[in-house]
Amino acid sequence: MATLIVIIVMALFVFGIWTGGYNTRFLERVRGNWLWEWITTVDHKKIGILYLIASGLFFTIAGLQALLIRLQLMFPNNQLIVGDTYNQLFTMHGLTMIFLVALPALFGLMNVVIPLQIGARDVAFPFLNSLGFWLYFAGGLLVNISWLFGGAPDGGWTAYATLVLNEFSPGPGINYYTLGLQIAGLGSLISGINFLVTIINMRAPGMTYLRMPMLTWTGLVTSALVLFAFPPLTAGLFMMMFERLFDANFFTTAGGGNVLIWQHIFWIFGHPEVYIIVLPAFGIFSEVISTFSKKRIFGYTSMVFAVVLIGFLGFMVWVHHMFTVGLGPVANTIFAIATMAIAVPTGIKVFNWIFTMWGGRIRFTTAMLFAAGFIVVFVMGGVTGVMLSVVPANFQFHDTYFVVAHFHYVMIGGTILGVIAGTYYWWPKMFGRLLSEKLGKWHFWLFYLGFHLTFFPQHFLGLIGMPRRHFTYEAGQGLDGMNFWSSVGTIFMTLGLLFFLYNVVWSLTKGKKAGSDPWDGRTLEWSVSSPPPEYNFAQIPLVQSLDAWWAAKAEGLDRLPAAEPLGPVHMPSPSHLPFVMTLGFFISGFGFVFHAWAVGALGLLVVFATMFVRSFQEDHGYHIQPEELKGVESP
C-alpha cells in the first residue's frame, strides 16, 4: 500500500514540474476541457460556486449523519447505531457542519458577491483564492475518507484531551481530525487574508468605508476574525498532532502536561468561530431585508459599529464554555459579564432589521421568508445564550440537551438560514436563472417547521437532565415523547431540503431567465449582467453614495457613472499549480495519518516543488481589449 502511494506521489511530482511550463503542448491540449477549466480557474465567481458545491456535498453527508443520530434516539433503548459507531457519527456531524459546511458556504457567497459589491474586477490574490478553496476541499476529503480507511474521529467535534489521546482513542481517527483540519484551516486562513486585502485595497473610487454594503462590512470583520482566531487552532492541532504521532506531553498529565490547555486553545478559536460563521449571515440578511422592504437599512452606522463591536467582544468570552472546570469565581464572573455584554450589539442589529421592515413595502419572496424566520429563531437562540451566561444556571445546563438546542438555534437559525436566503437571493446573479418561488416556499415551510419541531423540545429534554452525546436512554423517564417528535422534525427538514435540490435542478434546466436586476436591488452587483462577465465591470464604477445602484436608478440612469475611460482590461491567468500543491498536502496528510513517514515527506516535497515552480513563473496575466467587452457603448 505504502509503495503504491509513493509511486503515485512521485508521478504527481513529475506531473507538477512537467506541466509547470515545460510542456505547453499538453496544456494547450487540455485547456479547452470544461473540467480542466474549473480545476485551473482563478475567477472569483467560479471559485465561489466551487465553494458552494463542495459545502453542499459536505452538508448532505452531515445531514445524513444527523438523520441517523435522530433515528437512533427516536425510541428508548434503540439499537440502530450504538457505542463507538455513534461516537464517530456525532463527532463527524459536528466537525463537518462547523468546519466544512458553515464557513465555506459563506466564503462561497462572499467570493461571488463581495468583489462585485465593491466594484472590483477580481480579488486581490486570485492564485491564493484558488489555493484556499482546494486546500479546504482536500482537508474535508481527508477527514471524510476516514470512514473508509481505519475509522472516523470519535472524540467529539471539540476533540477534548484526554478523550483523543492515544491511550483512549488508539486508532487513526483523531489523526485524520488533526491533519485534515490543519489543511482545511490553512485554506480558510488564506481566504481570510485575501478578503481582508481585497476589501481594504480594491474598493471602487468613492466607496468609503461608510458606503460599503453590510455584507462587505461583515466580510471585512469576519476576515479579521479569521486572521486572529485560526492561528491558535493551528497551534493546538500541531500540539495534538505531535502528542499523537511523536508522544509529546502537551496534554498528558503523567508527563507534565495539562488537559485544560487544549480547552483554552480550542475555545480561543472556537468562540470567535461562532461569529466568523454568523456575521456574514448577518450581512446577507441585511441585504435581503433592505431589498425586499424597499428601504435603506435602518441605522446603517449603528449596524456597522455593532458588527465591529461583536468582532471585538468575540475574543473575550471563550471561558463561558469552561465555567465548570474550576477556574474560580473571579474568572467566571468576568467572562459571564462579557458574555452578557455581547448581547447588546446583537440586539441592536435585531431591532434595526425590524425597523427596516417597519413601514416598508415588504415582498415575501423565499429569501425574505428565510430572513424573517431567522429573526425569530435567532432571538430565541440569543435568549438561551444569555441564560447560559449565568454561571449557577450554566452548572445545571452544561453538557445537557439544553446546550444542543441553544447551539442549533444560533447556528442553523443564523448560518444555515443565512446561506439558504443568500442562495435564493444571488442565484439569478450566479446562473442567470431564477429559482422557483413555489418550490422555495415549500422548502421554507417544511424546513422551518421541522427545525422548530426538532430543536425546541430539546430545551426541555436538557432541563429534565438528558445528557448530550449519549446514544440511548431508559424508558419511562419523561424523555420518550419529546425525543420521538424531535426525530420526526428531522424528517420534515430533510423533505424541505429535497424540495431545494429539485428546485436547483429545475432552475438549471427549465428556470426562467433572470435579467441583470430581477429583485430591483440596491448594490453594485445588480448593475451588471446575470451571470456577470469574466471581468465584472468594463469600466470601474464611480460610487457617490450608499446603495449606489439604487441611487443611480432613482436618478433615471441605467448604468453607473464610470471612474475610468474605456480601455484594455487586465485579467489573471488560470493556473493548475494550486491543485497540484493541494494534492501534495493531501497525500502527505494521508501518509502521516498512518505513520508512513516517507509518504508524508514525499507529499511535502511535491508542495515545496510546486512553490519553487510558482516562484520562478513569470505570469503577467492577459488583457481583454475594448472591442471584446460585452454591452459597452462607445463613450
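**Aromatic rings in close-up**

**View A. Two arginines are placed over aromatic rings.** The charged end of Arg 522 sits over the ring of Trp 550, 4.3 Å from its centre. Arg 614 has its charged end over the ring of Phe 127, at 3.9 Å from the ring centre. A charge sits over a ring if NZ of Lys or CZ of Arg is within 6 Å of the ring centre and within 35 degrees of the ring normal. This is a predicted model, in which local features need pLDDT of at least 70 and side-chain atom pairs count only at pLDDT 80 or more, while totals for chains, interfaces and linings use all residues. Residues are numbered from 1 along each chain as its sequence is written, and side-chain values use heavy atoms, with hydrogens and water left out.

**View B. Tyr 86 and Phe 471 form a tilted pair.** Tyr 86 is buried, with a relative accessible area of 2%, whereas Phe 471 is partly exposed at 27%. Buried means under 20% relative accessible area, exposed over 50%, and partly exposed in between (1.4 Å probe, protein chains only).

**View C. Phe 292 and Tyr 425 form an edge-to-face pair.** Their ring centres are 5.8 Å apart and their planes are at 75°. Both residues, Phe 292 and Tyr 425, are buried.

Technical notes. Rings of Phe, Tyr and Trp (its six-membered ring) pair if their centres lie within 6.5 Å; planes under 30 degrees apart count as stacked, over 60 as edge-to-face and the rest as tilted.
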